[in-house]
Amino acid sequence: MRSKSGISMVSAIGASWLSIAAAGTAGAQEVLPEIVVAGERQAGDAFQSTTSLSGTELQRHTAASLADLLSTQPGIAASTFAPGASRPNIRGLDDYRVRIQENGIGSHDASDFSQDHQVPVDPLSADKIEVIRGPATLRYGNQAIGGVVNASNNRIPENLVPENFAARIKGASASVDRGLEGAASLDASGNNVAFHIDAFGRSAGDYRIPGGVQANTSLRSDGQSVGGSWIFDGGYIGTAIQHLSSLYHIPGSNDARQNTRIDLEQTKITSKGEWRAPTEGIDAVRFGFGASDYKHDELGIGAGGIDGVQNTIRNKEIEGRFELDHAAVATPLGALTGNWGVQASNRQLGTSGALGGLLAPTNTDAVAGFVFEQLQLSETLKWQAAGRVEHLSVSGLAPRFPASLLPPPNLFTETAASRDFAPKSFSLGLLKTLPWDMVASLSAQRAQRAPAAPELYSRGSDGASGTFVIGNPDLKLETAESIELGLKRARGQLRFEASLYYTRYLDFIYKQVTGNLCTDVFASCGATGPLLQVAYAQRDANFRGGEISAQLDVTPLGDGMFGVDGQFDMVRATFADGSGVPRIAPMRAGAGLWWRSAEWHARLGLLHAFTQNDIAINETATAGYNLLKAEFSYTHAFVKSDGGPREISFGVSGDNLLDERIRNHISFKKADVLQPGLGVRLFTNLRF
C-alpha cells in the first residue's frame with residue numbers, strides 16, 4: 001500500500017478506534033509507568049512532553065544507535081546516514097537543536113557537526129532512554145531548543161546495591177546484517193561504597209535490501225566503563241571513566257568505491273553527586289561534571305589512489321553544572337517550589353587532513369544560569385515559569401566566499417574572528433487535572449539559540465557526508481516563539497498522550513542545498529562533482545504539527561490482556577514566503593495489536609509513512625512506505641536463591657516484514673541508499 005491509500009488508511013484507523021473504544025470491556029486495567037527524568041527531581045516534569053523506553057521494552061527494540069531505536073516513536077525520526085551514524089530528528093529539528101546526553105552530561109562528540117558522525121552513546125549501555133521536549137529543555141542549554149535525548153545507566157551508582165551484588169548479561173543476533181551484539185554489567189557494594197563495571201560490543205556486515213545488499217554498511221564497536229560512588233545518609237558522590245571505539249562504513253555508490261569509513265575513539269570522565277536536605281530551606285543540591293577527548297579519522301581511497309586518512313576531526317569538551325532545589329515557600333496563592341542552577345562548558349572542535357580541513361580549530365565558551373519555579377494554585381491547577389540567560393563566545397577563522405558561491409576567484413579568504421552571543425529564554429505553563437484521570441497542559445516559550453562554530457566557520461569538503469559546506473560568519477541569534485497544548489491520560493483502560501504545537505522562528509538557521517556541485521576544493525565548484533554544495537543561511541520560518549499515541553485494553557484473554565494501540569504524527573515547516581524547509585520528516589500513522597501477561601508479550605504493528613511532497617528548493621519528493629513489525633518475548637522470574645539468576649527474558653522480533661524499499665526523506669543520501677530490508681532478530685537478557 002503506497003501513500004495514495006494513506007487517507008483511507010487514516011480513516012480506517014480512526015473508525016476502528018471509535019468502535020473499539022465504544023465496545024471496550026471493563027476488564028483488568030493496565031497502568032502506564034510514570035515518565036520522569038532519570039536522576040532529576042524537578043517538580044515541573046509534568047509540563048514536558050516526553051517519550052521513554054526502559055526495561056524489557058528497551059531490550060526488544062534495541063538498535064545500533066539511539067536515533068534508530070527511537071525513530072518509530074511519534075514526533076521522532078532518524079537521519080539514518082549509516083548504520084553506525086544516525087542522529088535523532090525531533091519535530092523537524094536536528095543537529096545543533098537536539099542535545100544528546102548520558103546521565104545528564106552531553107555526549108561530547110561531533111555528531112551535530114555532520115550527519116556521518118556517530119553518537120558515542122550505545123543503546124547497549126543504557127538502562128533507560130528518554131526524549132524531553134518543551135520548557136524542561138531550558139535546563140540544558142541553548143543547543144537543546146528542539147529537545148533532549150537522555151540515556152541513563154548506573155555507571156555512577158546513586159544507591160547501594162540490594163544484597164550487595166547484581167549482574168546482567170544480554171545479547172542478540174540479527175539476520176539482515178549478520179549482526180552480533182552483547183553486553184555485560186556488574187554492580188557491587190559494601191561499607192557505603194558502590195562499584196559498577198560494564199562492557200559491550202557489536203559487529204555487523206553489509207545489510208540486506210530488497211533485491212540485494214547495501215554496500216559499505218558494515219560496522220564494529222565496543223566500549224567499557226568503570227565507576228564508583230560513596231553513598232552517605234541523604235546522598236552520594238561518585239565518578240566514572242568510560243571508553244568507546246568504533247569503525248563503521250559509509251554507504252553510497254561513490255563511498256563504496258572509495259571504501260569510505262570512520263575510525264572513532266572517545267575517552268570520557270564524568271562525576272556527579274547529590275545531597276538531599278542539607279539545611280533548612282534547601283531540599284537538595286546536586287552537581288554534574290564531564291570531560292572528554294574525542295577523535296575520529298575519515299578513511300578512504302584518496303585522489304592518488306592510496307587508501308588512508310583523508311580527514312581527522314577532534315573534539316575536546318568540559319562541562320559542569322550545579323543545581324539547588326529550594327524548599328516549598330508558602331505564598332498567598334499557594335506553595336512555591338523551584339530549582340536554580342548554573343552551567344558552564346568549553347568546546348574545542350576542528351578538522352585537519354588531506355582534504356584541506358572542513359573546519360579550522362574553533363573554541364566555544366559558554367556560561368549560563370537558569371531558574372524553574374512552580375506554584376500550586378489549587379489541588380488541580382499548577383503554574384510554572386522558567387528562564388535561562390546564557391553567554392557564549394565562539395572563535396575561529398571566518399571564511400568569505402563570493403556572493404554567487406562559485407569561482408572566480410578560485411580561493412576564499414579567512415580572517416580570525418570571535419563572536420559573542422547572549423541568548424535569553426523563558427517559558428510559562430499551566431497544568432490542570434481533569435476528570436477521568438486526564439491532565440491538560442498549556443505552555444508558551446520564547447527561546448533563543450546562538451549559532452554553533454561549524455555554522456559560522458565551515459569552509460570545505462566533508463567527503464564522508466557527500467557535501468561541500470559553506471558557513472556564514474554573519475549569522476545572528478535564532479529565536480523560537482512556541483505554544484503547545486497537551487492532553488494526557490496515563491492510567492485506565494484507555495491511555496493516551498496528545499499534543500499540538502506551533503513555533504515561529506525568527507532568523508531560523510538552516511543548511512540549504514545550493515544546486516552547485518564540488519570536488520574537494522572551492523575552485524572546482526560548478527555544474528559537476530561528487531559533492532553537494534550546501535550553505536548556511538537564515539530566514540523566518542513556521543513549524544506546526546501534532547502527535548498522538550494511545551493504548552486500549554480491549555479484553556482479558558487467558559492470563560493476560562489483549563489490546564490495540566495507535567499513533568499519528570506530522571510536522572509542516574515553511575519559510576515566511578510559503579516555501580518548504582529542507583529535510584522535514586513525512587506524516588505517519590500506525591496501529592498495532594498486542595497481548596501481554598506477566599511473562600509473555602506479543603505485538604504486530606504497521607507504521608505508514610506518507611509520500612513527502614512538501615519539499616524545499618533543490619529537494620525532491622520521497623515515496624511513502626509501510627513498515628510492518630512483529631515481536632514475541634518471554635520473561636521468567638526465578639525463585640530467589642543466593643548467587644543464582646533472578647530473571648531471564650528472550651524473544652524474537654521482525655522488522656520491515658514486507659521487505660519494502662524504504663528511503664529516508666531527511667537523509668542527504670536518500671537517492672543512493674535504501675534502508676534495511678526484511679530482518680529477524682533473536683535476543684536474550686539474564687539478570688543475577
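**Contacts, cavities and a disulfide in a predicted model**

Ala630 touches Arg603, Leu604, Val652, Ser653, Gly654 and Leu657, when residues up to four places away in sequence are not counted. The model in which these contacts are found is a predicted one. Ala630 belongs to strand β32, which spans residues 625–637. With a relative accessible area of 23%, Ala630 is partly exposed, because the partly exposed class lies between the limit of 20% for buried residues and that of 50% for exposed ones. The C-alpha atom of Ala630 is separated by 6.9 Å from that of Asp655, a residue 25 places away along the chain.

Gln310 is located in strand β17, residues 307–331. The relative accessible area of Gln310 is 14%, and Gln310 is therefore classed as buried, the limit being under 20%. A polar atom of the Gln310 side chain lies 3.3 Å from the backbone oxygen of Gly308.

The structure holds 12 cavities of 30 Å³ or more. The largest cavity contains about 580 Å³ of space. Its lining comprises 36 residues, and those nearest the centre of the largest cavity are Arg99, Asp112, Gln143, Glu317 and Arg347. Two or more lining residues come from each of β4 (98–102), β17, β18 (334–352), β19 (362–376), β20 (381–400) and α5 (453–457). Divided by class, the lining of the largest cavity has 15 nonpolar, 11 polar and 10 charged residues.

The second largest cavity has a volume of about 280 Å³. A set of 20 residues lines the second largest cavity, with Arg91, Ile145, Ser482, Glu484 and Thr503 nearest its centre. At least two lining residues are supplied by each of β23 (438–449), β26 (478–489) and β27 (494–518). Of the elements, β26 gives the most to the lining of the second largest cavity, namely four residues. By class, this lining consists of nine nonpolar, eight polar and three charged residues.

The lining of the second largest pocket has 14 nonpolar, 11 polar and 10 charged residues.

The count of disulfides comes to one. This disulfide joins Cys518 to Cys525, with an S to S distance of 2.1 Å. The link of Cys518 and Cys525 is right-handed, with 110° about the S-S bond. Cys518 lies within the residue range of β27 (494–518), one of the elements that supply at least two residues to the lining of the second largest cavity.

Technical notes
Residues numbered from 1 in each chain as written. Predicted model: local features only at pLDDT ≥ 70, side-chain atom pairs only at ≥ 80, totals over all residues. Heavy atoms only, no water. Buried < 20%, exposed > 50% of the residue type's maximum accessible area, 1.4 Å probe, protein only. Contact = heavy atoms within 4.5 Å. Polar contact = N/O pair within 3.5 Å; in protein donor to acceptor, adjacent residues only side chain to side chain. Nonpolar A, V, L, I, M, F, W, Y, C, P; charged D, E, K, R; others polar. Disulfide = S-S within 2.5 Å. 1 Å grid on protein atoms, 1.4 Å probe; cavity = no way out; pocket = protein on both sides within 12 Å on 5 of 7 lines; lining within 4 Å. Points joined across faces, edges and corners; volume = space filled by probe spheres on them.
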